Amino acid sequence: MALSATQTAGSEIDLAALVETYSALLFRVSHSVLRNKAEAEDVVQDAFVRVIEHRLSLPAVRDMRVWLVRIAWNLALDRRRRIRPEQMDDLFAESLVGNHLPADVVLNEAQRMKAVFREIERLPKAERQVLLLSALEELETVEMAQIMGKSESGVRALLFRARTRLRTRLDKGGSA
């Protein structure tokens, strides 16, 4: 996509560089929420459309990475509200299990992953969201706090509660 030639020099952005730098991260963010490859790809495209729409205000953006992740996160959450958890891509759980394993092990591990995802779905919204963001491993606590609009200590507390609650539920259900 080409940006308008009427832009001033100060407001020009290198969309190709942004796509190259951030598309994989934005895909992981949206895929962690949606668990569907096609939906996640659509979110990434929509996020870059937002960049084009807001290109004149981009010089005011302090941290492009956090700003883009927040856009992708919110777009993914909006899409997810329209999709029931059981409609999510069943192949997602299987994709997390190594394909070098025997078929029966892959099936058992995929079933275990589905149980984990079901328990994650049952977590309170804020705990579920912080757990998904932390799973990306590229985001620091300060970045998660900015994305979620919470304090760093609040994010750490949510993450602790989410992990504890998830571990307890999985231990009780025999899934872990």
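The chat below walks through a predicted model of one protein chain.

User: Hi! What's the order of elements along the sequence here?

Analyst: Hello! Keep in mind that this is a predicted model. Read along the sequence, the pattern is α-α-α-α-α-α-α-α, and the chain has 8 helices and 0 strands.

User: Thanks. What share of the residues is buried?

Analyst: Of the 176 residues in the chain, 41% count as buried.

User: Let's get to the helices. How do α1 and α3 cross?

Analyst: Helix α1 covers residues 15–34 and helix α3 covers residues 64–81; their axes come within 9 Å and cross at roughly 35°. The crossing of α1 past α3 is right-handed.

User: Which residues make that contact?

Analyst: From α1 you have Leu18, Tyr22, Leu25, Leu26, Val29, Ser30, Ser32, Val33 and Leu34. From α3 the contact uses Met64, Arg65, Leu68, Val69, Ala72, Trp73, Ala76, Leu77, Arg79 and Arg80.

User: How many of those are nonpolar, polar and charged?

Analyst: The contact of α1 with α3 splits into 14 nonpolar, 2 polar and 3 charged residues.

User: I'd like to follow up on Arg65. Is Arg65 buried or exposed?

Analyst: Arg65 is found in helix α3, and Arg65 counts as buried because its relative accessibility is 18%, with the cut-off for buried being under 20%.

User: What does the Arg65 side chain pair with?

Analyst: The side chains of Arg65 and Glu143 are joined by a polar contact of 2.4 Å. Leaving out residues up to four places away in sequence, Arg65 touches Tyr22, Leu25, Glu138, Leu139 and Glu143.

User: Good one to look at. Switching to Arg35: where does Arg35 sit?

Analyst: Arg35 is placed in the loop between α1 and α2, with α2 being 37–53. Arg35 is buried, with a relative accessible area of 6%.

User: Which side chain is in polar contact with Arg35?

Analyst: That is Glu121; a polar contact of 2.3 Å joins the side chains of Arg35 and Glu121.

User: What about the backbone there, what's phi for Arg35?

Analyst: Phi of Arg35 is near 55°, which is a positive value in a residue other than glycine. For background, most residues other than glycine have a negative phi.

User: Speaking of α7, is Ile147 buried or exposed?

Analyst: Ile147 lies in helix α7 and counts as buried at 2% relative accessibility. Not counting residues up to four places away in sequence, Ile147 touches Val66, Val69, Arg70, Trp73, Leu133 and Leu139.

User: How far apart are Ile147 and Ile71?

Analyst: Along the sequence Ile147 and Ile71 are 76 residues apart, while in space they are 8.7 Å apart, C-alpha to C-alpha.

User: Last one, Ser153. Where is Ser153?

Analyst: Ser153 is in helix α8. With a relative accessible area of 47%, Ser153 is partly exposed. Its C-alpha atom is separated by 8.6 Å from that of Thr141, and Ser153 and Thr141 are 12 residues apart along the chain.

Definitions and conventions: Residues are numbered from 1 along each chain as its sequence is written. This is a predicted model: local features need pLDDT of at least 70, side-chain atom pairs count only at pLDDT 80 or more; totals for chains, interfaces and linings use all residues. Side-chain values use heavy atoms; hydrogens and water are left out. Axes are lines fitted to C-alpha atoms, for helices over the stretch in contact, and angles run from 0 to 180 degrees between N-to-C directions. Helices (H or I, at least four residues) and strands (E, at least two) are DSSP runs, numbered from the N terminus. A crossing is left-handed if the near helix is turned anticlockwise from the far one by less than a right angle, and right-handed if clockwise. Contact means heavy atoms within 4.5 Å. Ala, Val, Leu, Ile, Met, Phe, Trp, Tyr, Cys and Pro count as nonpolar, Asp, Glu, Lys and Arg as charged, and the others, Gly among them, as polar. Buried means under 20% relative accessible area, exposed over 50%, partly exposed in between (1.4 Å probe, protein chains only). A polar contact is a pair of N or O atoms within 3.5 Å; within protein, one must be able to donate a hydrogen and the other to accept it, and residues adjacent in sequence count only if both atoms are side-chain atoms.
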